[in-house]
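Try each task on your own before reading the solution.

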Amino acid sequence: MSSLTGRVAQSSSSGLAPFLRSASGVCAALVIAGLILAERFGFALSIALPVIAAFSLQAALYCAAVSEAAREAVRSRCSRGQAAGRWIAVSVLPYVVYSAPTGLFDPSSAAKLVALCSCIVAPYVLFPVRHRGLAWQDWVVICALAFPMISGLSTLFRDVYLGFDPPAHRLDSLGKLMLIPIGLFAFLELRRLEGVGFRLAPRAEDWRVALRVSGIGLPWILAAGLATGFLKWSPPTAEYWAAVGGSVGKLLGIYFTTALAEEFLLRGVVQNLVRETTGRPLFARGAAAVLFGAVHLGRGRFPNLPHAATAGVLGWFCGRAYSQAGSVTAAMLVHALAVAGQELLFR
């Protein structure tokens, strides 16, 4: 029995090794980048270190949420209620880590974050979903995740995550990053949602589908963007390779943050559940695309109809990639490629 226990523990440790390596590497990179920025901008270490620690902790939580092995480790050691409570606590912790040492901690702000996180996890713990279609619990969690992210609808994160003088004048990105791991945990572990096909590292099939769908969708996306005036042709005229390098960096940044959050929620959750409920895949794809366009109405001056219309067309083809690959990862690639191309060739 002891040897069996030892083998199980060794297997668990081996499965966690990739997560531990990635989390350590990401945190180390953030610490180095943060110290370089602090030195460059003359940022006091009494402020820089808590901010760096908060972002590093948030990055570690992100790595834990996207790792199947890490989620399995939590699942095997905690009940659903215990795991939910711990995720709420660790989700609020980055706020405490940076705000307490710098004198910005506000109990009411911490309470708002606890309430938001509770709305994301509590419905699935208190009222488990027993079927695969849309349930009222899903709508509560979707709205809780979307509300603070829609520009112009809420200033919650800007009010809670107060910043300092440049370069840390805005820290609300901490709140936006917070929603990714707790949202993944809610749907993948508490809801046990099927049909998402989420994996952070794309497979060859994900790339094949994403490139094919991007090629088909490009004329339609361009037509919508140019016709509405959202896209204006402005290719780089100097330092071309620097612009390309910046676009590649943008692609990676979008893929791991915005594309992951939006495609998981709109395609992996909404399109997936609407399809299960109605049995109409095209209707589900259209509904998710319309919602995707709608959430962009607040980008810039409300209502930003050109942005919303172009985003809606992009959402339709992201939904096509998700359907064809059976994986939200392919949709994430289409999304990231489109935004990177926009940044490189348009304004």
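**Exercise 1. Find the neighbours of glutamate 262.**

Task: Which residues does glutamate 262 touch, not counting residues up to four places away in sequence?

Solution. Start with the contacts: glutamate 262 touches Arg267, Phe292, His296, Arg299 and His335, where contact means heavy atoms within 4.5 Å. Helices here are DSSP runs of H or I with at least four residues, numbered from the N terminus. Last, look at its accessibility: with a relative accessible area of 15%, glutamate 262 is buried. Buried means under 20% relative accessible area, exposed over 50%, and partly exposed in between (1.4 Å probe, protein chains only).

Before going on, a word about the model: it is predicted, so local features need pLDDT of at least 70 and side-chain atom pairs count only at pLDDT 80 or more, while totals for chains, interfaces and linings use all residues. Residues are numbered from 1 along each chain as its sequence is written, and side-chain values use heavy atoms, with hydrogens and water left out.

**Exercise 2. Follow the salt bridges.**

Task: How many salt bridges does a search of the whole structure find, and which residue forms a salt bridge with arginine 71?

Solution. The search of the whole structure gives 14 salt bridges, each a side-chain nitrogen of Lys or Arg within 4 Å of a carboxyl oxygen of Asp or Glu.

- Step 1: arginine 71 pairs with glutamate 68, and their closest N and O atoms are 2.6 Å apart. Both residues lie in helix α3 (residues 68-77), three residues apart, about one turn of the helix.
- Step 2: compare the partners. Arginine 71 is buried at 9% relative accessible area, whereas glutamate 68 is partly exposed at 44%.
- Step 3: glutamate 68 also forms a salt bridge with arginine 75 (3.4 Å, N to O). Arginine 75 is partly exposed, at 30% relative accessibility.
- Step 4: widen the view. Glu68, Arg71, Glu72, Arg75, Glu189 and Arg192 are linked in a network of salt bridges.

**Exercise 3. Buried or exposed?**

Task: Arginine 170 and aspartate 172 meet in a salt bridge; is aspartate 172 buried or exposed?

Solution. The side chains of the pair meet at 2.7 Å, N to O. Aspartate 172 counts as buried because its relative accessibility is 6%. Arginine 170, at 40%, counts as partly exposed.

**Exercise 4. Describe two helix pairs.**

Task: At what angle do helix α5 and helix α6 pack, and at what angle do helix α9 and helix α12 pack?

Solution. Two packed helices are described by the angle between their axes and the distance between the axes.

Begin with α5 (residues 107-126) and α6 (residues 136-146): the angle is about 160° and the axes are 9 Å apart. Axes are lines fitted to C-alpha atoms, for helices over the stretch in contact, and angles run from 0 to 180 degrees between N-to-C directions. The pair is therefore roughly antiparallel (over 145 degrees; under 35 is roughly parallel, 65 to 115 roughly perpendicular, the rest oblique). Residues of α5 including Leu116 and Ile120 meet residues of α6, among them Val140 and Leu145.

Now take α9 (residues 204-228) and α12 (residues 305-325): they pack at about 160°, with axes 9 Å apart. So α9 is roughly antiparallel to α12. Among the residues that meet are Trp220 and Ile221 in α9 and Phe317 and Leu314 in α12.
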